[in-house]
Amino acid sequence: SNGMFEREKLELLYCGSFYGFRRPDALLAALSRLPGIRLSIAASTVPSNVREASLRTPDSVRLLGYLPHSEVLELQRSADVLINISNDDPVQVPGKLYEYLGAGRPILQVGGFPLGEAGRLLELTGSGWNCGNSEEAVVKALQDLEQRKSSYGESFGLSIHHDAVDGYSWNSLARVLLRTIDATNAGTVRDSQT
C-alpha cells in the first residue's frame, strides 16, 4: 500500500464534499474516544467542526486537502475502510458510493437507512455495513471494525462479490446504457420499415 496509512492503525478514508445534509458530528465524537483509529479526509473544503477536530486530535482526524482524482482513487484502494456519510434521503445513492465500490475496499456507511438504496447496494455487493448516525452507534461500529481487522486482516471478514460490484462500475453502467439505446434504435428502425 502507499505510505499514507499505518498498518497498526485502523485507517478510515472519507472523500468528497461535506454537504449540509451530511452530518459528521457523531463520527467526530466517536473518533475522539478511540485512539487507535484515524480518519483521513480528502476534500478541498471541510466544515469548521471537522477542521477543529483535526486541530484538537490530529492523530484521529487528518485533513489531506484537495488531491487529484487519480491520487484519491489510489488512496481509496489502500485504506482499510471507506466512510460514507449518508444523505438524508433514503432513495438517493451518492455518486461517491459507486466510486467506493470500485475501490474494492470495505465501506462503512454512517447514518444509512439499511432499507434505503445505498444500504441495499452494500448488502447486495457484500461491500460493507450501515450504522446509525449517533455517537454510540459509530463507536460500536468502529470497535467492531478494529476487532475484524485484528481477526481477519485486510479482508475484514467480508467476501465482497466483485462480480456484483463490477455491475456498478462506470464501464458497466455505460454498456447497459448502450445496449438500451441499441435496443431502442433497433425497434425504431424496424417499425419504420413495416
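Trainee: How many helices and strands does the protein have?
Mentor: The model is predicted, so local features need pLDDT of at least 70 and side-chain atom pairs pLDDT 80 or more, while totals for chains, interfaces and linings use all residues. Residues are numbered from 1 along each chain as its sequence is written, and side-chain values use heavy atoms, without hydrogens and water. From the N terminus on, the elements run β-α-β-α-β-α-β-α-β-α-β-α-α-α. With helices (H or I, at least four residues) and strands (E, at least two) taken as DSSP runs, the protein has eight helices and six strands.

Trainee: What percentage of the residues of the protein count as buried?
Mentor: A residue is buried under 20% relative accessible area, exposed over 50% and partly exposed in between, with a 1.4 Å probe. The protein has 194 residues. Of these, the buried share is 43%.

Trainee: Are helices α3 and α4 parallel or oblique to each other?
Mentor: The axes of α3 (residues 69-78) and α4 (residues 95-103) come within 8 Å and cross at roughly 60 degrees. The contact (heavy atoms within 4.5 Å) is made by H69, V72, L73, Q76 and R77 of α3 and by K96, E99, Y100 and A103 of α4. Angles under 35 degrees count as roughly parallel, over 145 as roughly antiparallel, 65 to 115 as roughly perpendicular and the rest as oblique. The two helices, α3 and α4, are therefore oblique.

Trainee: Against which elements do the buried residues of α3 pack?
Mentor: The residues in question are V72, L75, Q76 and S78. Of these, V72 and Q76 also belong to the contact of α3 with α4. The buried residues of α3 pack against β1 (10-15), β2 (37-42), β4 (81-85) and α4.

Trainee: Which residues of α6 make the contact with α1?
Mentor: The axes of α1 (residues 25-33) and α6 (residues 135-152) come within 8 Å and cross at roughly 55 degrees, so α1 is oblique to α6. From α1, the contact draws on A26, L27, A29, A30, L31 and R33. From α6, it draws on E135, E136, V138, V139 and L142.

Trainee: What is the C-alpha distance between F5 and L75?
Mentor: F5 lies in the segment before β1 and counts as buried because its relative accessibility is 11%. Leaving aside residues up to four places away in sequence, F5 touches E11, R38, S40, R62, L75, S78 and A79. F5 and L75 are 70 residues apart in sequence. In space, their C-alpha atoms are separated by 8.9 Å.

Trainee: Is F156 buried or exposed?
Mentor: F156 is found in the loop between α6 and α7 (162-166). Its phi is near 55 degrees, a positive value in a residue other than glycine. Most residues other than glycine have a negative phi. Because its relative accessibility is 0%, F156 counts as buried.

Key. Axes fitted to C-alpha atoms, helices over the stretch in contact; angles between N-to-C directions.
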